[in-house]
Amino acid sequence: MPLPRLEPSGRVGDQVFEAIRAAIVSGELPAGHRLRIRELADELGTSVMPVREAIRRLEEIGLAEALPYRGAVVKEFTDTELLELYTVRHWLETKATILGVARLSTADIARMQAEYEAMAAAVADRAAVEYLDRDEAFLTIIYEAANNAVLLELIRTLWHRCRTYKILGARRELFAGDAAVLLSFQEELLQAARDGDADGAGRITEASLDAATQRIEQALVQSGSR
């Protein structure tokens with residue numbers, strides 16, 4: 001578990017929280033991984049207190065959970081919970097897409113094009129985490145244009161909560177599936193943005209989330225997680 005040792009500072013609690021959060025979001029600490037306080041403290045070079053506090057904060061934002069006889073682990077979702085999470089993503093991201101595409105500037109679309117090209121490079125390199133980083137940056141341009149900070153914050157929170165499953169689905173396509181599917185919806189969304197077709201973009205977002213849900217479910221079955 002390659003967590004970096006931290007440099008002492010007055011914000012060591014925040015550093016510990018961010019280090020563990022980043023490891024979860026990157027997939028280095030997968031769903032179900034036990035968060036052993038002493039082990040994490042030793043790796044990070046801190047006392048146990050900031051690690052304990054960081055885990056509590058991770059539980060509050062849905063990235064970790066406390067289980068009987070196991071202690072804290074990286075949050076796992078049941079099939080029902082995962083379906084509910086993606087249902088909420090459908091509602092929020094479809095609305096954000098419709099609102100955002102209607103307000104995109106020429107500069108915004110140019111930024112989307114750059115992120116799309118970075119996504120394509122990540123797919124060619126089979127770099128799942130980089131692909132997801134660029135995909136989220138691509139979508140953030142649209143969602144920021146919706147000009148609703150609360151909506152964007154909720155979407156980002158849901159992205160973080162399901163990140164390990166997004167990585168699982170992306171890796172399946174990159175190494176055992178059809179990697180082209182990871183770019184097809186974004187290409188359509190980029191064209192809808194150029195055309196100013198907000199309603200069409202909303203339908204593309206819905207279809208993209210449907211496909212992502214199916215990829216994750218298939219990956220979970222093949223990995224034996226479900």
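Biologist: Which side chains meet E60 in a salt bridge?

Modeller: In this predicted model, the side chain of E60 forms a salt bridge with that of R56, at 2.1 Å from N to O.

Biologist: Where do E60 and R56 lie, and how many residues apart?

Modeller: Both belong to helix α3, which spans residues 48–60.

Biologist: How many salt bridges does a search of the whole structure find?

Modeller: The search finds 16 salt bridges.

Biologist: Turning to helix packing, at what angle do α4 and α6 pack?

Modeller: Helix α4 (residues 79–101) packs against helix α6 (residues 128–145) at about 70 degrees, and their axes are 7 Å apart. The angle falls within 65 to 115 degrees, so α4 is roughly perpendicular to α6.

Biologist: Which residues meet there?

Modeller: From α4, the contact involves E93, A96, T97, G100 and V101; from α6, L139, I142, Y143 and A145. By class, the residues of this contact comprise 6 nonpolar, 2 polar and 1 charged.

Biologist: A change of topic: how many cavities of 30 Å³ or more are found?

Modeller: The whole structure holds 2 cavities of that size.

Biologist: Which residues line the second largest cavity?

Modeller: Its lining consists of I24, G62, L63, V74, K75, H160, R161, C162, R163 and T164.

Biologist: Which helices each supply at least two residues of that lining?

Modeller: Those are α7 (149–161) and α8 (163–176).

Biologist: What is the make-up of that lining by class?

Modeller: The lining of the second largest cavity has 4 nonpolar residues, 3 polar and 3 charged.

Definitions and conventions. Residues are numbered from 1 along each chain as its sequence is written. This is a predicted model: local features need pLDDT of at least 70, side-chain atom pairs count only at pLDDT 80 or more; totals for chains, interfaces and linings use all residues. Side-chain values use heavy atoms; hydrogens and water are left out. Axes are lines fitted to C-alpha atoms, for helices over the stretch in contact, and angles run from 0 to 180 degrees between N-to-C directions. Helices (H or I, at least four residues) and strands (E, at least two) are DSSP runs, numbered from the N terminus. Angles under 35 degrees count as roughly parallel, over 145 as roughly antiparallel, 65 to 115 as roughly perpendicular and the rest as oblique. Contact means heavy atoms within 4.5 Å. Ala, Val, Leu, Ile, Met, Phe, Trp, Tyr, Cys and Pro count as nonpolar, Asp, Glu, Lys and Arg as charged, and the others, Gly among them, as polar. On a 1 Å grid over the protein atoms alone, a cavity is a set of points where a 1.4 Å probe fits but cannot get out, and a pocket is an open set with protein on both sides within 12 Å along at least five of seven lines; lining residues have an atom within 4 Å of a point. Grid points are joined across faces, edges and corners, and a volume is the space filled by probe spheres set on the points. A salt bridge is a side-chain nitrogen of Lys or Arg within 4 Å of a carboxyl oxygen of Asp or Glu.
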